[in-house]
Every structure is written in structure tokens, then in C-alpha cells.
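Subject: Structure for you to look at

Hello,

I am passing on the structure we talked about, with notes on what was found in it. Please open it and keep it beside the text as you read.

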Amino acid sequence: MKLLDKVTELKGVGPKKSEALEKLNIHTIEDLILFFPRDYENRKNKVNISELDIDKPAVIKGKVDLLVSDRYKYGRKQLLRLLVSDDTGSIEVVFFNAKYLMSSFKKGNEYIFYGKPQLNFGKLQMVHPEFSRVDDAAEGILPIYPLTKGITQKEMRQWQKTAGELYETAEDYLTGDILDRNRLCSLSYALKNIHFPTEKQKLLEAKYRLVFDELLTLQTGLFAARQNIKNEENGIAFPKTSDTTPYIESLPYPLTRAQARCVEEIEADLESGKVMNRLVQGDVGSGKTAVAEIAMYKAVKSGYQAALMAPTEILARQHYEGVGKSFEKHGIKVGFLSGSMKAAEKRETLEGLKSGELQVIVGTHAIIQPDVEFKDLGLVITDEQHRFGVGQRVRLKEKGRNPNILVMTATPIPRTLAVILYGDLDVSVIDELPPGRQKIQTRTIGQEMRDKCYDFVEKQLDAGRQAYVVTPLIEDSDVMDVRSADNVAQELSSRFKNHKTALLHGAMKQSEKDDIMADFYEGKIDILVATVVIEVGINVPNASVIVVENAERFGLAQLHQLRGRVGRGTHKSYCFLIMDGSSEVAKKRGEIMDSSSDGFYIAEEDLKLRGPGEIFGTRQHGLPDLNIADLARHLDVLEHAKREARAILEQDPALKAPENQGIRRRVTKLFGETMSLDL
């Protein structure tokens, strides 16, 4: 058996088990070894039954005195009850749906049980504990793995023990200097003690080494990608004489200090002669669009064309209307491009771009299609497109001579993590709202206030306003007791017969979604019931109220984004968060949302409540999934890892040296196709 062998080489892993393991991204023995426990159970110390504490997990050893299989069934679930005793007392052990366990116990035999004791009608019970026979009992500190259907903890532990004979063959890719400098244990020691620690100190040493490994791999990959961008051919140097002052002075309001600082950073990039790769991060309403317009103005006044891309056609059209109006008085010609345009319109636009007659183009990703040619593209801006894929980068380069790139997002990222998340981009933050921006009145309510909430919505509709209603699911679920968009849309259509209700969700075709949003924007729809598809990129000034059903199902940052859909016009705006839950986390979320409108503060609090694993998913942000490191809790380890990653790349930028082949392989495996490392 070798590390790169398929996991089916393990005894007990057949086709079905292999299929279940694939859901956990375990394909090889190495994948299995690097699949770490999420928690541990300390079964070192057994407790006498008479000394058990209610609701405190414990290990007991006892003899089965009585075994009863109730004929009475709850649906199809059969009940198994055991009376278990030791020298000090007895306890009832209960298993539901226990038909498969009938042959596991024998009266008079001793077993080890691990579970949480509880009182049920005055009777001491342990419900669904883990168990084993005394002669093969699992004791000590036991790993608890995050599993999927079809795999038990017992099976996973056994496979890990079998694979453990390969710990010594795992490649320790770190040099002795790095190990000594950072006080790291060997990789084989770390693997042995992350899975089966004999004491807490050894577990901590193992975890520190593996967290360091993962963060070193992450930072090496991000630094390598950033380095490749910095080492590209020189970009376009916009002349300092291309003064943006006339445009800034023509704006209807003065720039905030944060906007001015951001403009300064962008202009320095544009004049440097190196390709700009900058992220502008700002809360809803902070004035990112004005900053983007100033950058485009400078590009045009420097003799180049600028492109602004948006993720949806409705948002692209809104940008086009705003930018076109702003640039018209400065003699700058703006065009629009999307996949739904008529052939004649599109042909005219493409000709205008190729000839240079169109100086600014606003549109969807149609802008980077092969048939789009520019006379001289100098700046590309994307709105709410957090990271470019490899293919998009290549296509962008082909549109001009390494055009400058600006990415805008209204998704607040905790300041402490922005540099990690956007490791290949320079980051500018607009952390100040323009004066006069109205605060959205937010109120968290329980289900008992739901009717009163919709009475208030009706008053807003009768006054000529519009409303959003957001739900976590499209359709009803057998698993989760939450309101679905389908269900709520039907309910509100019936309740508000004098107002038009429409349904919008991510499973619809893009053209259908665009049509519905266009109708809502034009006031043809009064109530838009939707999933989080409306989270970003929609601007309807007449919408004055948003209701979020089952708000406990959303993260804080997401709730803040949803709240930002209203308050965009002159009307007083409201956000109602209907919570169905009394957990401390739900209460805390409600308090934070009711008291703060600062997206960055909310993002930091979201990080504390949920952790980065839920916030920074690969799909949304392009950051690889981490197995053991926690970007919020391990910032001190991250600093050490960053230092070592820089040192490695300074000596070997392409990671071609023999001693760096291990980290090269790890970087490639961690990032996969999410980032072009070009190593």
C-alpha cells in the first residue's frame, strides 16, 4: 500500500464506501490521511453510573441486564432498550430505529458506552450512545471526523489506523531550517498525533504543524500568483497631465475623504507604467461608481478606451444610463453591449469600439467575447466580479496591451482578511459614507409579529412604494422547516390582490430574471419575492421595504447586503428580519443588525459568529477550501507562514529547486484550477 494508491486498497472499502468517501473528496490513501478530525472525545477516564452528571458526556462500562425490543413502532422506527448496570447503579440505554442493532448486544455481556446522560420523566437514560464490546473497546482520546451518509466513525477510525503505517513515508517537504525556526514537529509525528493523540500537548504540537503547512501553502500560492502579475510586461502609463479635476468638480457632491484617498491610489497605479490590479471595496452607497467613473475619465483623457462590466444585464443597463449621463457633458461617447442585443445594434457597437469612436463601453461579459475588438483598451472595470478566472485573464489581455484592471465589490470583507482573500490584488477601501445617506430602519421580529409586519408592507405599497421579500429556499423542504419563495409568493399574491407579486430565483433562465427585474425597476411589479439572487447588483430607488423570512438562515454579511437593496431613493426605508429561533447566535445577529449599519463592523462580527469556513467559500471568492487552518483564529501562525513563503519565492520564484518540489505539488493541489500559478 502506497500514499497515492486508491482508497479501495483499504480493507472494507468497496464500491459503495468508495463512492461515499468521494463525497468527502477522499480518493487516495493520502487524501484519507490528510482528512483531519473535527473534534475529539476523551474516553480515558470511565465514570461510575452513580457519579454521572446530567448532560455531560461520559464513558461508562456496564453489563446488559435486560434487553427489550419494543414491538410498538414510531412509523417504521423500532425501539431498542437496554438496562445497563455496574457496581454502583444502573441506566437505561435507548436506540431508535434500532432493527440493525438487535444482534449487537447479548444479555450478560459487558460493553463500553459513550454518550450524554439525561433525565427523562425521572429516569436516567443515555440515548444513542457510541458503544463497543469490552474486548475491542475504543478508549483514550478518540477522533471525531466530519462524515457523510454511509460511513461510521468506527469505520473511519479503522481506516485511519490502517493507513497510519504510511505516516513515516509522507514527504516532509520543509527544510530543517524552517522546522527549527518555527519550532515545528516532523510531519510523521504531526499526522500520527492529529489522528490518534495520546495526550493534549502532542495534539497541540501536531495541529500547529499542520495549520502552518496549510497556511504556508496558501500564502505561497497567492504570492506566486501576485508575483506573476507583477512580473508581466509593462502596462500602460497614463500621463500625469491627464487631469481628473474637471470631472471631479462636475460631480453633484464633493468626494468623501475615503473616495479621494481611493482615487489617489488608483491614479498612482495608472501613472506607474505597471499593470494595475486593484480591488475597490466599499459598503453599499459609499460611492464606488464615482471612483470608477474618475478612473475611466482619466483613461479616455489619456487617449485610451475603458470598459465597465457588470454581472447582470439589468445592472449593466443601470450603469450605462448613469455613466452615459455623467460623461455626455464631457464629450465622452459611451456604448452598451450585452448578449441579448439585436444583431444590427451589436454590429454598430462593435464597429464603434474597433474604430475608437466609442471611448467607453458598459455591458455584461459580452465585452470579452472573441468578436469584440478595441482600438486601444487601457482600463477594464468589473463590478461585483470578485476574481478573474484564468480564461478571463487571458481574454482581457488579448483586448489591449495589458490593460489596467479594477475590481469593485460592495461585499464587506473583514479588514484583517482582505489581504489574504485578494492576495493577487492591491486593496483600496472606501470606509466612509457620503453625508446625507439615510439610515435604513432595521427591526428583528419573531414569527408572532409576521402579520403586523405585512400590514406595514401593505401601507408602503398603498403609498406607491415597492417591496422585496427574501426567503432561504426556492421550494418547500422536507428537511428544513422554513418558508420557501414559492410558498410565500402564493401567500402574498392572495393577500395583496390589488398589488402585483412576482417570483425570482436563481434556477430561472438569465433572460427571465432580467425581464422580471426590468419590470420591477419600471414599477410594473409591486412585491418581488426572491432568494438571495437579489443580494447584489440591483438598484430600485422606489423600493422602500425589505422583509427577510427565516433570517436566522442567513449570515450577518449577507443580511447586510440584502438590507442594502432598499434606501436607494428619497423615501424612508425599512428592513424587517423575521427570526424563527431563540438560539444565542440568532439573538446576537439580530442585535448587531438592529444597532449597526457599518458593513465592515458587521463583517468582522460575522467572522466571529460563523468563522471563515462559511463566509469564504471557494465558489464565491476563489479562495481554496482549508482543512484545518482557521483564518480568523490563526492570524499569528499566518504571519510566520507569510514570512517563510516570501523567503522561499525570493530564492526560487518558479519553485523549480528540488527541495521545493513538495511545496510546489501542495500549492498545485490546493489551488487546482481556481488560480493560474504559471509555475
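In this predicted model, strands E19 and E20 (residues 527–530) pair in the parallel sense over 4 bridges.

Strands of a sheet pair through backbone hydrogen bonds, either parallel or antiparallel.

An open sheet of 7 strands has the order E12-E13-E11-E14-E15-E10-E16, with parallel pairing. The edge strands here are E12 (334–337) and E16, and each pairs on one side only. From one strand to the next, the twist averages 20°.

Within this sheet, strand E14 (residues 377–383) is joined to strand E15 (residues 400–409) by 6 bridges, and the two run parallel. Leu377 stands opposite Gly400 in E15. Helix H8 (residues 257–272) packs on the sheet and touches E10, E14, E15 and E16; the direction of H8 makes about 155° with that of E16.

The bridge partner of Gly282 in E16 is Ile430. Which residues of E16 are on its covered face? In strand E16 (residues 426–430), Asp426, Ser428 and Ile430 form the covered face, whereas Val427 and Val429 form the uncovered one. In a regular strand the side chains alternate between the two faces of the sheet.

Helix H10 lies across E11 (305–309), E12, E13 (360–363) and E14, running at about 170° to E12. H10 (residues 313–328) also meets helix H16 (residues 510–521): their axes come within 9 Å and cross at roughly 45°. That angle makes H10 oblique to H16. In the contact, Glu313, Ile314, Gln318 and Glu321 of H10 meet Asp514, Met517, Ala518 and Tyr521 of H16. The residues of this contact divide into 4 nonpolar, 1 polar and 3 charged.

Is helix H17 largely enclosed or open? In H17 (residues 556–563), 7 of the 8 residues are buried, so the helix is largely enclosed by the rest of the structure. The buried residues are Leu556, Ala557, Leu559, His560, Gln561, Leu562 and Arg563.

Last, the cysteines. How many disulfides are there? The count comes to 0 disulfides. Cys575 is in no disulfide, and the nearest cysteine sulfur, that of Cys453, is 9.4 Å away, while a disulfide needs the two sulfur atoms within 2.5 Å. Cys575 counts as buried because its relative accessibility is 1%, and buried means under 20%. Cys185, at 15% relative accessibility, counts as buried too.

Regards

How values were computed
Residues are numbered from 1 along each chain as its sequence is written. This is a predicted model: local features need pLDDT of at least 70, side-chain atom pairs count only at pLDDT 80 or more; totals for chains, interfaces and linings use all residues. Side-chain values use heavy atoms; hydrogens and water are left out. Buried means under 20% relative accessible area, exposed over 50%, partly exposed in between (1.4 Å probe, protein chains only). Two strands pair if DSSP finds at least two bridges between them. Axes are lines fitted to C-alpha atoms, for helices over the stretch in contact, and angles run from 0 to 180 degrees between N-to-C directions. Angles under 35 degrees count as roughly parallel, over 145 as roughly antiparallel, 65 to 115 as roughly perpendicular and the rest as oblique. Contact means heavy atoms within 4.5 Å. Ala, Val, Leu, Ile, Met, Phe, Trp, Tyr, Cys and Pro count as nonpolar, Asp, Glu, Lys and Arg as charged, and the others, Gly among them, as polar.
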